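Notebook open, model loaded. I want to go through the aromatic side chains, then the core, then the sheet.

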Amino acid sequence: MFKMIFVNLPVSDLKASMAFYEALGFENNPLFTDETAACMVWSETIFVMLLTHDKWKTFTSRPIPPVTSSEVMLCLSCESREIVDKLNDTAAENGGTADINPKQDHGFMYNRNLADLDGHVWEMMWMDPAAMTS
């Protein structure tokens, strides 16, 4: 069995969040989706569980951070710089925030950060390990 990651995120509007992640290229897995949660698939090993606030509260008593905070920055690798740019633009076109942090271009690595509808920060990154210098 592959090692997998399931990122759980509290969301204020499940349907809007599903549409946002679908616009970025995530696919919904209906087997793990209901009116309180949605499983959004990035790859065979990376899943994002969108949870309504009520569902989130069944897992933890810790408060849900405000949309202006950054509890974590999640990083996803992309196949090209162009895809990084496209995802950032798509986020902005679908209610998210583009370039929530300054763009970084190190030649061998390029990234841009976006925020989803609830302020969760995603770093979309492209890297060419062959071009790295030691």
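I started with Phe20, which counts as buried because its relative accessibility is 2%. My cut-offs: buried is under 20% relative accessible area, exposed is over 50%, and partly exposed is in between, with a 1.4 Å probe and protein chains only.

Before going on, I noted that this is a predicted model, where local features need pLDDT of at least 70, side-chain atom pairs count only at pLDDT 80 or more, and totals for chains, interfaces and linings use all residues. Residues are numbered from 1 along each chain as its sequence is written, and side-chain values use heavy atoms, with hydrogens and water left out.

**Aromatics**

I looked up the ring pairs and found 6 of them in the structure. Rings of Phe, Tyr and Trp (its six-membered ring) pair if their centres lie within 6.5 Å; planes under 30 degrees apart are stacked, over 60 edge-to-face, and the rest tilted. Phe20 pairs with Tyr21 edge-to-face, at 5.3 Å centre to centre and 80 degrees between the planes. Tyr21 is buried too, at 1% relative accessibility.

Next I checked Phe26 and Trp42, a tilted pair with centres 4.9 Å apart and planes at 45 degrees. This one joins distant parts of the chain: Phe26 is in the loop between H1 and strand S2 (27-29), Trp42 is in the loop between S3 and S4, and they are 16 residues apart. Helices (H or I, at least four residues) and strands (E, at least two) are DSSP runs, numbered from the N terminus. Is each partner buried or partly exposed? Phe26 is buried at 3% relative accessible area, whereas Trp42 is partly exposed at 24%. I also see that ring pairs link Phe20, Tyr21, Phe26, Trp42 and Trp122 into a cluster.

**Core**

The largest nonpolar core has 24 residues, and those with the most contacts inside it include Leu9, Tyr21, Val48 and Trp122. By nonpolar core I mean buried Ala, Val, Leu, Ile, Met, Phe, Trp, Tyr and Cys residues joined through side-chain atoms within 4.5 Å. Among the elements giving two or more residues are strand S1 (5-11), helix H1 (14-23) and strand S4 (46-52). H1 gives the largest share, 4 residues. A second, separate core of 6 residues includes Ala37, Cys39, Phe47 and Met49.

I then listed the contacts (heavy atoms within 4.5 Å) of Leu9. Leaving aside neighbours within four places in sequence, Leu9 is in contact with residues including Tyr21, Val48, Leu50, Trp56 and Trp122.

Which strands stand at the edges of the open sheet? The order is S5-S8-S7-S6, 4 strands with mixed pairing. S5 and strand S6 (104-105) are at the edges, each with a single partner strand, so one side of each has no neighbour in the sheet. Two strands pair if DSSP finds at least two bridges between them. S7 and S8 pair in the antiparallel sense over 7 bridges, and Arg112 stands opposite Met124 in S8.

H3 lies across S6, S7 and S8, at about 10 degrees to S7. Axes are lines fitted to C-alpha atoms, for helices over the stretch in contact, and angles run from 0 to 180 degrees between N-to-C directions.

Last stop was Val121, in strand S8, which counts as buried because its relative accessibility is 5%. Not counting residues up to four places away in sequence, Val121 touches Ser70, Leu74, Ile100 and Leu114, among others.
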